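Hi everyone, thanks for making the time.

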Amino acid sequence: MPSIGVKLYGVFFKFMLKHRLQSRLQAPENDTGGGGGSSFGVTSRPEEETAAAANPSFTDAVATKDIHIDPVTSLSIRIFLPDTCFNSPEAVSRSRSTVVNSGSDPNQILIRRNSYGSSDSSVSSSNGVIVKRAQNHDNFRRNSYGCSIDDGSLKPENGIYRGYNPMGNNCRKLPVMLQFHGGGFVSGSNDSVANDFFCRRIAKLCDVIVLAVGYRLAPENKYPAAFEDGLKVLHWLAKQANLAECSKSLGSTLGGGPDMRKADGHWHIADAFGASMLEPWLAAHGDPSRCVLLGVSCGGNIADYVARKSVEASKLLDPVKVVAQVLMYPFFTGSVPTHSEIKLANSYFFDKAMCVLAWKLLLPEEEFSLDHLVANPLVPERGPPLKKMPPTLTVVAEHDLMRDRAIAYSEELRKVNVDAPVLEYKDAVHEFATLDMLLKTPQAQACAEDIAIWVKKHISLRGHEFSY
């Protein structure tokens, strides 16, 4: 069972969240947008949670910056770039060892985790329970511009902050991960302190560039706003990759025009105002052919939607290729309750009534149904065929009412030979690895490490040497 502290925090969390959901549901139509308000929308609620400032220096071995990528909506992303982007592979290995050991405690704690459907049979047990040891740690707004540097030592000079700007040909290419935060579609943000901490952890452990998506929240913008935002980021990533290739070509040609400018010895495609359209960190370090989607809670629904749309788009997204997705306790539901939805209807942090309320705030009144295509992954009319879906890792918690439906979805994927293992964590609650109070627990760290092991299997350029 969860600890007393977790139980008490769960009671407080449920009370606050239920109050917020009910107040938004009862708000006047013109205050919430009601589906007919401004499409610009909001991506965060500063009155509910603290935002972590972006810092383009490599604080905690990860540099971050915020970008507003859509001129007609509030859609934004926060980029998390690990310092391994300019290290040699040997230095990367040493850096990873340092990161793991620097916060470890000699006292190891047993973390029990059930694993279903793993494609690697080398790890198994008679009772289906894998016991892992995790290290116990001791303590667990917008665009940034700067000058070029040659290393990670970023210092202010004459009172002017100097951020990382890649230059030269020694840039290491890293896979790109799109991360969608949780919050029941109505709260949370990509720049919150908790999400910033989680994305930094994932960027370091998986050795990837994380793009945390700040999608529009309900009820100001109802479905499909948040889901379209997720897909829009994927298309933006494809555009950035193509612009980077065009810029390389321009560097070897003479002349130019009003749509080109020269900076740092290279040609860049510029917009109507003369500003570069390229995002330099992605142009120098991003490898969009190894793209991973990661969704937390309701973000898992968005990630699954984006994965399905990427399969339908196929080569239209070139050179972007979604090679895997991670669904962390996805916000799936349905009109016919599962065993866990009945047994855990009044579970910790989220209960059935709150989930229904969140879906009412997201879906337009005429479309409301717990069997909506983005709510229930098991409805038969969803496309494309499941056999075309990318490898999917599903993380579930023992005391989460939504666990059974997520497991059932994974089983359907495995029936058509998709690599779709399930990791179930004992004594865990919904958002046990991403919620602010639980982020620094050994179980949250173990979950991130398990995700990294599986993700590296699908993003490795040298084969599937990372597996269970």
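This is a predicted model: local features need pLDDT of at least 70, side-chain atom pairs count only at pLDDT 80 or more; totals for chains, interfaces and linings use all residues.

Let's begin with the rings. A pair of aromatic rings is described by the distance of the centres and the angle of the planes. How many aromatic pairs does the count come to? The count comes to twelve. One of these aromatic pairs is Phe332 with Tyr409, which is edge-to-face, with 5.7 Å centre to centre and 85° between the planes. That pair links distant parts of the chain, 77 residues apart. Phe332 sits in the loop between β10 (322-328) and α8 (339-343), and Tyr409 sits in helix α10 (residues 403-415).

Now for another geometry. Tyr425 and Phe432 are both buried.

There is also an aromatic cluster to look at. Phe185, Tyr223, Phe227, Tyr305, Phe331, Phe350 and Trp359 make up one such cluster. And here's a ring with a charge over it: Lys65 lies over the face of Trp281, 4.3 Å from the ring centre.

On to the core. In soluble globular proteins, nonpolar side chains tend to be buried together. Here, the largest nonpolar core has 118 residues. Which residues have the most contacts inside it? They are Leu178, Leu211, Met328 and Phe432.

Next, the cavity. The second largest cavity has a volume of about 30 Å³. What lines it? The lining consists of Leu17, Leu21, Gly183, Gly184, Val186, Phe331, Phe350, Met354 and Ala358. Helices α1 (4-25) and α9 (352-362) each supply at least two of the lining residues. Phe331 and Phe350 in that lining are also members of the aromatic cluster.

Now the backbone, which I always enjoy. Most residues other than glycine have a negative phi, and most peptide bonds are trans. Where are the cis bonds here? Pro219 lies in the loop between β6 (209-214) and α5 (225-250). Another cis peptide bond joins Gly383 and Pro384, where omega is about -5°. Pro384 lies in the loop between α9 and β11 (392-399).

As for phi, Tyr329 is not a glycine, yet it has a positive value of about 35°. Tyr329 is in the loop between β10 and α8, and with 1% relative accessibility it counts as buried. Asp427 also has a positive phi, about 60°, although it is not a glycine. Asp427 belongs to strand β12, and its relative accessible area of 38% makes it partly exposed.

Arg200 is in helix α4 (residues 193-206). Is Arg200 buried or exposed? At 9% relative accessibility, which is under 20%, Arg200 counts as buried. Apart from neighbours within four places in sequence, Arg200 is in contact with Thr59, Asp60, Val62, Thr64 and Phe80.

Ser192 is in the loop between β5 (174-180) and α4. With 6% relative accessibility, Ser192 counts as buried too. Again leaving aside neighbours within four places, the contacts of Ser192 are Glu49, Thr50, Ala51 and Ala52.

Finally, Pro421 is in the loop between α10 and β12 (422-429). Pro421 has a relative accessible area of 1% and is buried. Pro421 and Glu411 are ten residues apart in sequence, and their C-alpha atoms are 8.5 Å apart in space.

Definitions and conventions:
Residues are numbered from 1 along each chain as its sequence is written. Side-chain values use heavy atoms; hydrogens and water are left out. Rings of Phe, Tyr and Trp (its six-membered ring) pair if their centres lie within 6.5 Å; planes under 30 degrees apart count as stacked, over 60 as edge-to-face and the rest as tilted. Helices (H or I, at least four residues) and strands (E, at least two) are DSSP runs, numbered from the N terminus. Buried means under 20% relative accessible area, exposed over 50%, partly exposed in between (1.4 Å probe, protein chains only). A charge sits over a ring if NZ of Lys or CZ of Arg is within 6 Å of the ring centre and within 35 degrees of the ring normal. A nonpolar core is a set of buried Ala, Val, Leu, Ile, Met, Phe, Trp, Tyr and Cys residues joined through side-chain atoms within 4.5 Å. Contact means heavy atoms within 4.5 Å. On a 1 Å grid over the protein atoms alone, a cavity is a set of points where a 1.4 Å probe fits but cannot get out, and a pocket is an open set with protein on both sides within 12 Å along at least five of seven lines; lining residues have an atom within 4 Å of a point. Grid points are joined across faces, edges and corners, and a volume is the space filled by probe spheres set on the points.
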